[in-house]
Amino acid sequence: MQVSIACTEHNLKSRSSEDRLCVRTTNQNAGAGQGSKQRYLSSRPYTAGHAHMKEAVGHHGYMKYRNLGKSGLRVSCLGLGTWVTFGSQISDEMAENLVTIAYDNGVNLFDTAEIYASGRSVTPHFQHWRSSFVVTTKIYWGGQAETERGLSRKHIVEEVVRAMTFVIDQGMAMYWGTSRWSAMEIMEAYSVARQFNLIPPVCEQAEYHYFQRDKVEVQLPELYHKIGVGAMTWSPLACGLITGKYSDGVPDTSRAALKGYQWLKEKVQSEEGRRQMEKARELHLLADRLGCTPAQLAIAWCLRSEGVSAVLLGVSSAEQLLENLGSIRVLSLMTPQMVFEIDSLLGNRPHSKKETRT
């Protein structure tokens, strides 16, 4: 079975460089005279674990699996992202190693885009596998030529909802979603799909961490309950700001020191960035008390949020990947009392319209 989520880096109405997400899983079958294709395994048995969606522990011991929104697609609640590190910060050998470690530890969700490392970021590392996995990709910023970018019919198809329905009807995908769309735009896409008997999106990919909360905690839960759109979140460590990486300045080997990431360096060195790092230091003490690392606490905190199907990880070493995967074991510590304590430290808990009215 093939599964894809298509995504565009383009805001629906403003035509800026925002994302739209497409997810893709591939099928592998070994046939005589054929190259290897990927085989999609049946979903694992589940038990009711997460308060708002069906959750199961896989046979990898501790990895948990959730439905992507209210679709039938089962994904590991931790995925491996490839935005900055793959194809730029790390070697192909390290990338291969990270993908293998993630997969061996139960990760079946891998996030990429045609623009990441000029399309080299993750796909080649899957070719020798014959087990199920899900790959997300994004469409809009492609190659350098005019015919390799944008949303013209030459590149994908004219209209996003019709385009994604076309992709699915052609057997190239089974699901699609959005990335960095507003709640209004997602609802509009859903309405268009229902009106014209097309296929609606199943998830939204959004930035989510201690200091970026409103969309995932206020807007997306309403969409989850109304139309079944789940959240696939990214940057749980705020590009490293939460871990204390930048407490003593910008290391030469850090993301903020890379070419093209001046915006991150400026953010880290800004007054707001310093305030956020001070809050993060307070949460480091809480992590010590719980017996986990600051990164594990931050990722588990993201996973506890309603409607979050998966959190994407960005890593540059095997040690960092294994540490982040350990956040699954910290998830059980995210009790209402613990979440309240974290909210009290952060002082930025968003309020829904219902809470505001009352």
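Glu217 and Arg304 form a salt bridge between their side chains, with N and O 3.6 Å apart; a salt bridge here is a side-chain nitrogen of Lys or Arg within 4 Å of a carboxyl oxygen of Asp or Glu. The model is predicted: local features need pLDDT of at least 70, side-chain atom pairs count only at pLDDT 80 or more, and totals for chains, interfaces and linings use all residues. Residues are numbered from 1 along each chain as its sequence is written, and side-chain values use heavy atoms, with hydrogens and water left out. The structure holds nine salt bridges.

**Glu217 and Arg304**
- The pair links distant parts of the chain, 87 residues apart.
- Glu217 lies in helix H5 (residues 214–227), and Arg304 in the loop between helix H8 (294–303) and strand E12 (308–313). Helices (H or I, at least four residues) and strands (E, at least two) are DSSP runs, numbered from the N terminus.
- Glu217 is buried at 19% relative accessible area, and Arg304 is buried at 18%. Buried means under 20% relative accessible area, exposed over 50%, and partly exposed in between (1.4 Å probe, protein chains only).

**Asp343 and Arg349**
- The side chains of Asp343 and Arg349 also meet in a salt bridge, at 3.9 Å from N to O.
- Salt bridges with shared partners join Arg213, Glu217, Arg304, Asp343 and Arg349 into one network.
- Asp343 is buried, with 12% relative accessible area, whereas Arg349 is partly exposed at 38%.

**Glu341 and Arg289**
- In the salt bridge of Glu341 with Arg289, the closest N and O atoms are 2.9 Å apart.
- This pair links distant parts of the chain: Glu341 is in helix H11 (residues 336–346) and Arg289 in helix H7 (residues 271–290), 52 residues apart.
- Glu341 is partly exposed at 26% relative accessible area, and Arg289 is exposed at 54%.

**Helices H7 and H11**
- The axes of H7 and H11 come within 9 Å and cross at roughly 155 degrees (axes are lines fitted to C-alpha atoms, for helices over the stretch in contact, and angles run from 0 to 180 degrees between N-to-C directions).
- H7 is therefore roughly antiparallel to H11, a term for angles over 145 degrees.
- Residues of H7 in contact (heavy atoms within 4.5 Å) with H11 include Lys279, Glu282 and Arg289. Among the H11 residues that they and others in H7 meet are Met338, Glu341 and Leu345.

How values were computed
Parallel < 35°, antiparallel > 145°, perpendicular 65-115°, else oblique.
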